[in-house]
Amino acid sequence: MPGRPETDDFEESGESTDELYERLNILVDKGQEPFRLDKFLTARIENASRNKIQQAIDAGRILVNNKTVQSNYKIRPSDNIIIYSEKQTHGEEIIPEKIPLDIVYEDDDILIINKPPGLVVHPASGNYTGTLINGVAYYLQQKNSTISEENLPRFGLVHRIDKNTSGLMVLAKTPKAVTSLAKQFFDHTIQRRYFALVWGDVAEEAGTIRAHVGRHKRFRKLFDAYPDGEAGKEAITHYKVLERFGYVTLVQCELETGRTHQIRVHMKYIGHPLFNDETYGGDKIVKGTVFSKYKQFVENCFAICPRQALHAKTIGFIHPTTRKAMVFESELAPDMQKLLDKWRTYVNANKIDRK
């Protein structure tokens, strides 16, 4: 199924919507006569070819009354048709490249990869090579010599994380796995927990941030929080404090929705931008003392972790084939771990209250 093309500054850096599939619902009219599903959808959906519709049906990305059906299924009055479609179309050729991959788990349906900071997930305009997907393409070719660049299957991205965020991603290896995972993301049943170091001493031990996230009204390259829901899309982040360092706080953020830069935008919205997040104001001293030694300490911290201090720690889901619950955990990236160790040493040496 074709998606709506989107070309923006965040595609070029591999930073776009976290969840890459959307769901379309069509309720068949009560007066509808029996009609083949593929023909009905070809006529109903703009720019959709019958061949693409049939491929989506075969892949299980089109459901009728929450069940998979065949292309020749005859729709009936009040049938509920659900279509899972890519939000973006990627016309770029995937060039296999030998790129180191930290594969945490693999079977016939899925891959779990621990992505290092600085690695873009998918080729896009202005950034065609050196991405995680280029590395995955090479990895697939090494496992199966019959795969060529001409018949290399598009790999099943159902979500992604920012270039400068580290941590776990799940990729689907079959069309049906794509559908299963896309549905779980859409239904908000995927577990996604992140560790983030944020500026300031977070007052509450735990809380929930509810504010729509959408493009900033003045600055195209930024996203913003809209608490009244007047713009953007619904976004919900649950957080809890893990460790306090006086001037910064380590928090766990659990995503209920997956919007572009959701954690970064939400934490800024409540007054706690991520440490060293240059996009949202965390790359300067936000909290602390005026002493020059403290300033030098913070600058040294920025050098140790030259990115927003955000790591995708946990991902959990129902396996597409076995239907068993699976949960994966990852260690913090080395730069973020060194950053936390440095803060621990600093607060202990200076006897800063961490309560």
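This is a predicted model: local features need pLDDT of at least 70, side-chain atom pairs count only at pLDDT 80 or more; totals for chains, interfaces and linings use all residues.
Residues are numbered from 1 along each chain as its sequence is written, and side-chain values use heavy atoms, with hydrogens and water left out.

**Overall picture**

The chain has eight helices and 18 strands (DSSP runs numbered from the N terminus, with helices being H or I of at least four residues and strands E of at least two). Out of 355 residues, 52% are buried, where buried means under 20% relative accessible area, exposed over 50% and partly exposed in between, using a 1.4 Å probe and protein chains only. Take the contacts (heavy atoms within 4.5 Å) between residues at least 6 apart in sequence: 70% of them join residues at least 24 apart.

**Aromatic pairs**

There are 11 aromatic pairs in the structure. Rings of Phe, Tyr and Trp (its six-membered ring) pair if their centres lie within 6.5 Å; planes under 30 degrees apart are stacked, over 60 edge-to-face, and the rest tilted. Tyrosine 105 and phenylalanine 328 make a tilted pair, 5.3 Å centre to centre with 45° between the planes. Tyrosine 105 is partly exposed at 27%, while phenylalanine 328 is buried at 11%.

Phenylalanine 297 and tryptophan 343 go edge-to-face, at 4.8 Å and 85°. Phenylalanine 297 is buried at 8%, and tryptophan 343 is buried at 0%. Both belong to a cluster linked by ring pairs, which also takes in Trp199, Tyr247, Phe275, Tyr294, Phe302 and Tyr346.

**Salt bridges**

A search of the whole structure turns up 14 salt bridges, each a side-chain nitrogen of Lys or Arg within 4 Å of a carboxyl oxygen of Asp or Glu. Here are some of them:

| Pair | N to O distance |
|---|---|
| Arginine 36 and aspartate 38 | 2.8 Å |
| Aspartate 187 and lysine 183 | 2.9 Å |
| Arginine 193 and glutamate 254 | 3.2 Å |

Arginine 193 sits in strand E11 (residues 191-199) and glutamate 254 in strand E16 (residues 248-255), so their bridge ties together parts 61 residues apart in sequence. Arginine 36 is partly exposed at 24%, whereas aspartate 38 is buried at 0%. Those two residues join Arg50 in a salt-bridge network.
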